[in-house]
Amino acid sequence: MGLLDGKTAIVTGAARGIGKAIALKFAAEGANIAFTDLVIDENAENTAKELEAMGVKAKGYASNAANFEDTAKVVEEIHKDFGRIDILVNNAGIQNRKKVAELSLEEWDRMIAVNESGVFYMCKAVLPFMTKAMQGSIINITSTASKTPHPNAAICYGASKAAVTYLTKHLAMELGPLGIRVNAVQCGPIRSDMTDQWTDEYRAAVMKKIPLGRLGTPEDVAAGVVFLASDEA
């Protein structure tokens with residue numbers, strides 16, 4: 001028996017990277033997976049096939065995280081297709097590394113809309129289903145950039161993740177009495193396409209601050225998220 005047998009999980013931004021690793025780990029523990037991405041492209045279709053090959057029900061949904069109407073519609077569709085929503089993982093997000101003087105107002109607005117408002121929109125959309133069931137688990141993926149400014153880190157990214165951290169704490173307090181757990185996983189540097197593009201100088205500076213001497217992996221994150229999503233938590 002898996003930790004998540006019989007449960008249905010929504011994982012946002014799961015066509016690749018951390019989101020995909022979480023979806024695969026959930027499937028390995030018996031959960032059916034509904035995942036979202038901005039578009040359902042070849043990567044997303046391949047992710048769905050990988051999940052189905054693990055013996056669970058899986059489907060990808062195109063969704064604009066920055067639009068509440070779109071989010072609510074997709075969540076309704078997921079509930080109709082799967083019959084229940086037990087777990088929500090808010091993983092979808094965007095990032096750039098521009099400094100204040102370089103960052104346009106449009107880029108600021110877009111990042112806040114996706115990284116901050118998008119999390120709130122998804123939480124709000126699943127609440128009617130979780131509160132009716134009097135159970136559920138919400139896990140928000142945030143970042144150490146939310147608490148430790150860095151000269152080379154984008155101000156907008158850190159600010160948006162700090163907002164998600166606060167939102168997580170408030171929702172945990174508000175929804176706990178309803179049987180809904182809300183947690184955050186605050187990631188440090190995780191190996192990705194973006195970190196592969198770091199300069200040797202920047203990589204060396206980052207590594208000096210990591211006691212283990214290595215970047216985290218998407219699988220590292222997924223292991224913690226599975227525990228928080230399970231009844232063991």
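Begin by selecting Val 100, Trp 108 and Ile 155, which form a nonpolar patch on the surface with about 280 Å² of accessible area together (patch residues have over 30% relative accessible area and no salt bridge, and nonpolar side chains, meaning Val, Leu, Ile, Met, Phe, Trp or Tyr, are joined within 5 Å, like charges within 9 Å; areas come from the Shrake-Rupley method with a 1.4 Å probe). This is a predicted model, in which local features need pLDDT of at least 70 and side-chain atom pairs count only at pLDDT 80 or more, while totals for chains, interfaces and linings use all residues. Residues are numbered from 1 along each chain as its sequence is written, and side-chain values use heavy atoms, with hydrogens and water left out.

Next, select strand E2 (residues 32-37) and strand E3 (residues 58-62), which run parallel and are joined by 5 bridges (strands pair if DSSP finds at least two bridges between them; helices, H or I, have at least four residues and strands, E, at least two, as DSSP runs numbered from the N terminus). Within this pairing, Ile 33 has Ala 58 of E3 as its bridge partner.

Then display Asp 41 and Arg 16, whose side chains meet in a salt bridge at 3.3 Å, N to O (a side-chain nitrogen of Lys or Arg within 4 Å of a carboxyl oxygen of Asp or Glu). Asp 41 lies in the loop between E2 and H2 and Arg 16 in the loop between strand E1 (8-12) and helix H1 (17-28), so the pair ties together parts that are 25 residues apart in sequence.

Finally, move to Asp 81 and Lys 59, a salt bridge with its closest N and O atoms 3.2 Å apart, which links helix H3 (residues 68-82) to strand E3.
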